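Please look over the sequence and the model before reading on.

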Amino acid sequence: MIDFKKTEEQELLLESLREVYKRGNFDDYFKECDKNHQFPEKAADMMVEAGFAKLGIPEKFGGTDCDFTTLIIVAEEAHALGWPSLCWVNQALQVDDILAFGSEEQCKKILDLGLKGVKPFTLGFTEPQAGSDSSAMSAKVERKDGKVVINGHKTFNTAANRSPYMLCLAREYKNDNPYKDFSMFLLPMNLPGIQIEPLDKIGNWMMQTCEVYMKDCEIKESDLVGVAGKGFYQLMKNFEVERLLACAANVGMARCAYEEAIKYAGVREQFGQTIGSFQLIQEKIVDMKIKIVNMQNILYQAAWKKSTGQSIMIDSSLVKRYTGQAAFQVIDDAMQIMGGIGYTNDCRISRLWRDQRVYRIMAGTEEVMVHTAGRALIKEALKG
Ligand SMILES: Cc1cc2nc3c(=O)[nH]c(=O)nc-3n(C[C@H](O)[C@H](O)[C@H](O)COP(=O)(O)OP(=O)(O)OC[C@H]3O[C@@H](n4cnc5c(N)ncnc54)[C@H](O)[C@@H]3O)c2cc1C
């Protein structure tokens with residue numbers, strides 16, 4: 001059986017996270033940063049100083065060893081406190097990618113940035129014509145006069161304006177099997193030929209998401225990440241981890257909204273009684289709580305599988321689909337409980353409502369999660 005009890009070490013970590021958050025008095029600061037579309041530098045610096053960026057980076061690279069489940073519950077807790085999504089200081093995904101596929105030199109370079117809480121690279125996968133269908137990517141890498149040159153147009157690159165590198169997937173070969181056409185590179189974002197343009201989106205205003213144009217960008221052979229021609233398979237591994245981390249944000253944001261709404265239900269009076277005494281409001285609260293517990297269970301089980309070296313190929317899709325929708329419903333119900341005030345930018349729930357919506361789209365849409373998990377489940381059943 002799986003034991004979901006947190007260890008003493010995990011409890012201490014969460015306690016210290018809450019303490020730093022309380023000391024920083026971040027809620028008003030985040031509201032201001034959100035309004036001004038600014039990354040919350042001051043809050044991030046405090047968390048880095050408290051050691052949260054180091055978690056999960058191996059000790060030999062200057063970090064603090066810790067398992068994947070711990071990274072998940074810490075990320076969940078940060079979002080439950082009100083930390084803005086896409087802005088968490090721990091770079092677990094980038095760390096996992098580079099440790100899995102990078103050379104020693106690349107690991108050192110990327111993990112050094114991770115230790116400082118800097119997002120070392122933006123993910124350069126989506127292109128205008130290649131969203132859910134990653135195999136339609138057309139960014140190209142070519143060898144010209146002994147040089148390695150990349151040309152292409154990536155889009156929806158989160159943090160492209162503040163990341164020193166892009167983990168860029170580019171077409172290198174033309175095989176019968178298109179999945180073998182791609183290689184992965186670490187592209188320095190300050191190369192001549194790179195042009196970055198921010199997108200105007202409906203939420204997640206504290207972190208920019210951009211278009212990136214790459215024109216004759218010259219890189220080195222040593223910028224190849226992993227194995228030439230295996231880039232697509234490496235991307236699939238990236239997605240598994242990215243999805244679980246997105247789910248930690250989903251669960252945290254849902255908890256944040258729930259906790260605000262339930263307190264409000266207990267004090268807001270209408271018709272001479274608290275709105276929490278109406279059964280229609282109680283029904284929402286109960287269904288929200290059930291969803292939160294279910295989300296935690298499905299997420300922790302997948303995180304435990306990853307921590308213990310088991311495959312999360314199917315689980316990551318199931319968790320992503322379920323928590324994306326369930327968290328959205330919880331936050332939407334929280335807004336409903338708050339009434340008009342929930343729809344104003346003074347209330348944190350409005351930000352959660354705008355920001356969480358993207359997790360039903362990014363890192364694989366909820367429809368594509370059916371496509372990936374559905375096929376795999378049937379295949380697994382037929383294997384017996
Ligand atoms: C804020 C934000 C940040 C992002 N950050 C990054 C990033 O850092 N790096 C990066 O590379 N990408 C990033 N993305 C891109 C994101 O991963 C894509 O938007 C997503 O994969 C969907 O691709 P698409 O937008 O082209 O939609 P499409 O693939 O065009 O899908 C449109 C609709 O068709 C549906 N659909 C597509 N295929 C199928 C199918 N086989 N079966 C059923 N339905 C299907 C989809 O579910 C969706 O409803 C980000 C996106 C957003 C919005």
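Helix α8 (residues 279–307) contains 29 residues and spans 41 Å from its first C-alpha to its last, close to the 42 Å expected at 1.5 Å a residue, where the expected span is 1.5 Å times one less than the number of residues. The model is predicted: local features need pLDDT of at least 70, side-chain atom pairs count only at pLDDT 80 or more, and totals for chains, interfaces and linings use all residues. Residues are numbered from 1 along each chain as its sequence is written. Helices (H or I, at least four residues) and strands (E, at least two) are DSSP runs, numbered from the N terminus.

Among the buried residues of α8 are Ile281, Met288, Ile292, Met295 and Leu299, buried meaning that 20 or more other C-beta atoms, placed from the backbone, lie within 10 Å of the residue's own. After α8 comes Gly309, whose phi is positive, near 75°.

The ligand is surrounded by 21 residues, the closest being Gly131, Ser132, Phe156, Thr365 and Glu367; a residue counts as near if its C-beta atom, placed from the backbone, lies within 6 Å.

Because domain 2 (122–229) and domain 3 (233–383) both give residues to the shell, the ligand lies between them, with domain bounds coming from an automatic or database domain assignment.

Key:
A residue is buried if 20 or more other C-beta atoms lie within 10 Å of its own, exposed if 12 or fewer, and partly exposed in between; C-beta atoms are placed from the backbone.
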